[in-house]
Amino acid sequence: MGNHSDGSPNHSGTVATAGQNEVERFQDPGIPPHRLRLADTDPKAAKRAERQVALLFGISVVGTLIFLVAYFAIDLGNDSSIATIRLQNALLGVGTAFAMLGIGTGIVHWAKALMPDHEVSEERHAIRYEEDRQAAVRIVDDIVEETGIKRRPLIRNTLLGAVALAPLPAVAIFGDLGPRPDDKLAHTMWAPQDGKLKRLTRDPDGTPIKAADVTIGSAFHVIPEGLNELQEGKLNEKAKAVVLLMRLDPASLNPSKGRENWGYNGIVAYSKICTHVGCPVALYEQQTHHLLCPCHQSTFDLTQECKVIFGPASRPLPQLPIAVDDEGYLVATSDFHEPVGPSYWERDEHERNINS
């Protein structure tokens, strides 16, 4: 058997101890020897790599052009087919992929094949502001020189073209945001039209609702009269105007000052749009008189004017003032007195405009 106690510092695997020959425990391995690449020694290989980088930048340009052509040339009207929508989406995706990957892979290939790849170590030194500024300027000059962008016009020009065109898809997409909403979020179809009050109708068939149809404990999903007849913007208007209609024992309601006449014989109507992130509040618990948003469990107490009693919502559901017309149908006496849906930065201003 081998004797493990007879090692010496001259043998590999031993540990230096005090009094023995000076041997560093952790020696600095230094920088590994630099290996030249093919492009460093062969001008033809360097020229070939330059053309490859330019080709990748050119692919980026082509990808951007594909995106723009698909965005502007393919018209998506109201009668567009699913196949047309899918074609545009596919071209937009392919164009964006080529545009971004072309720039990214081109820069990576440029750095790996043509830029200097030698490793450099530099000692830390005391901070001297003017000397550091001059050193930073020299470093920038060295970087520009090492990239070879001055002596490689093919790469420079294709890179400039790719970078110049790359932001255009984002600019085009911004156009789909449409015009500023201004105060459109503050108004709905419940506002009287030409002095005529809007009837409450069932969602989705638009059948008018009589007060006698609403029994205690029942709940109706409601849309304004005339919504189904809209040719344009129907979904946008519905998203703001949908309402939940319920009937409670009038004694259980606690209307605040000024809202005593906003209901009729225990029948009350509240916006269906949660004030948290706009999900539909579609669950009514008739025993507790609670409305529940299924998205994030915001809970509103119907007996307290839909005050938030649980969850992340920050505001009560807006109440729609209602009454009964001469034929016994439920009508909205006015629009909501505050913007419906989630809070946003101009909501308070819009609320003041509505109530002014």
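First look: I began with a pair of facing residues, and found Leu291 opposite Phe300 in E7. Before going on I noted that this is a predicted model, where local features need pLDDT of at least 70, side-chain atom pairs count only at pLDDT 80 or more, and totals for chains, interfaces and linings use all residues. Residues are numbered from 1 along each chain as its sequence is written, and side-chain values use heavy atoms, with hydrogens and water left out.

Two strands pair if DSSP finds at least two bridges between them. My strand and helix labels are DSSP runs numbered from the N terminus (helices are H or I, at least four residues; strands are E, at least two). E7 is also antiparallel to E8, again through 3 bridges, and there Thr299 has Phe310 as its bridge partner. Together I get an open antiparallel sheet of 4 strands in the order E5-E6-E7-E8. Strand E5 (283-285) and strand E8 (307-310) are its edges, each pairing on one side only.

Entry on the E7-E8 hairpin. I counted 5 residues between the strands, and Glu305 among the hairpin's residues has a positive phi near 60°. Cys306 sits in the loop between E7 and E8 too, and its phi is positive at about 55° although it is not a glycine. Is Cys306 buried or exposed? It is buried, at 0% relative accessible area (buried means under 20% relative accessible area, exposed over 50%, partly exposed in between, with a 1.4 Å probe and protein chains only).

Entry on other loops. Asn265 is in the loop between E3 and E4. Asn265 is not a glycine either, yet has a positive phi of about 50°. Asn265 is partly exposed, at 48% relative accessibility. I also checked Pro204, in the loop between strand E1 (198-202) and E2: the peptide bond from Asp203 to Pro204 is cis, with omega about 15°.

Entry on the 7-strand sheet. This open sheet, with antiparallel pairing, runs E9-E4-E3-E2-E1-E11-E10. Strand E9 (319-320) and strand E10 (322-324) are at the edges with a single partner strand each, so one side of each has no neighbour in the sheet. E4 and E9 are antiparallel over 2 bridges, and Ala269 faces Leu320 in E9.

Last entry, the helices. The axes of helix H2 (residues 43-73) and helix H3 (residues 82-113) come within 7 Å and cross at roughly 160°. Axes are lines fitted to C-alpha atoms, for helices over the stretch in contact, and angles run from 0 to 180 degrees between N-to-C directions.
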